[in-house]
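Please load the model in your viewer and keep a selection tool at hand. The stops below go from side chains to helices.

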Amino acid sequence: MQKGSEGVDVAFIKEYTPMYMEAAKLTIGIALIGIVLSLMIGLVCSMVLYYKIPIFRKIVTVYIELSRNTPLLVQLFLLYFGLPKAGIKLESVTCAVIGLSFLGGSYMAEAFRSGLESVEKNQLESGLSIGLSRRQIMSSIIFPQALSVSIPALCANIIFLIKETSVFSVVALADLMYVAKDLIGLYYDTNEALFMLVVAYLILLLPISVIAWVLERRLRYAGFGS
């Protein structure tokens with residue numbers, strides 16, 4: 001392939017940009033599902049920890065420690081290569097979603113928990129004294145404040161999980177990292193392939209960082225989490 005005056009293979013970049021776009025769609029799709037499930041898991045787990053529900057509290061604690069202290073790569077290996085030994089075979093996409101959700105749920109749980117614990121306990125007593133139910137107090141008083149405090153950690157976790165999708169190639173998913181490694185192996189245009197990989201992740205992550213910054217500022221100005 002012809003390289004430009006500065007040694008950059010412009011034709012290579014133009015030709016394989018569509019491949020990166022398709023890989024980005026797959027990455028975004030899996031990341032979106034994984035993040036939504038992570039938020040749901042994290043919220044449930046944080047409530048269990050906040051209300052100190054017997055038995056379930058211990059289960060959640062074990063889950064969080066197990067998830068946070070094992071790499072996603074190892075979890076994916078277990079799902080994709082380990083489970084078939086036990087007669088359970090999962091598709092690559094399913095393994096990726098489960099792995100990302102399992103990892104993300106523990107981080108989201110800690111983010112929500114720290115937010116809930118930052119709210120003064122006397123607000124619960126004040127709400128009960130004016131006749132509000134515990135459910136009303138949680139949904140209308142405690143949780144909005146906790147969410148505001150948790151926003152920075154939640155957004156950081158979302159960015160972290162999107163970056164973690166770079167290991168999905170180990171389970172034969174044609175994500176961004178898979179495409180980059182494949183092109184490098186075929187054509188040895190390492191600089192161009194890695195340049196497009198970096199640009200792809202920047203396009204995915206920079207808008208999220210900006211949105212998180214704007215959202216945090218607006219919530220602060222609204223009077224939450226101060």
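This is a predicted model: local features need pLDDT of at least 70, side-chain atom pairs count only at pLDDT 80 or more; totals for chains, interfaces and linings use all residues.

Select glutamate 117: with a relative accessible area of 44%, this residue is partly exposed (buried is under 20%, exposed over 50%, partly exposed in between; 1.4 Å probe, protein chains only). Glutamate 117 pairs with arginine 113 in a salt bridge, the closest N and O atoms being 2.9 Å apart (a side-chain nitrogen of Lys or Arg within 4 Å of a carboxyl oxygen of Asp or Glu).

Residues are numbered from 1 along each chain as its sequence is written, and side-chain values use heavy atoms, without hydrogens and water.

Next, select glutamate 22 and lysine 25, a salt bridge with its closest N and O atoms 3.5 Å apart. Both lie in helix α1, three residues apart (helices are DSSP runs of H or I, at least four residues, numbered from the N terminus).

Finally, show α1 (residues 10–51) with α6 (residues 134–164): their axes come within 11 Å and cross at roughly 135° (lines fitted to C-alpha atoms over the stretch in contact; angles run from 0 to 180 degrees between N-to-C directions). Residues that meet there include Leu39 and Tyr50 in α1 and Phe143 and Ile158 in α6 (heavy atoms within 4.5 Å).

Methods
Helices (H or I, at least four residues) and strands (E, at least two) are DSSP runs, numbered from the N terminus.
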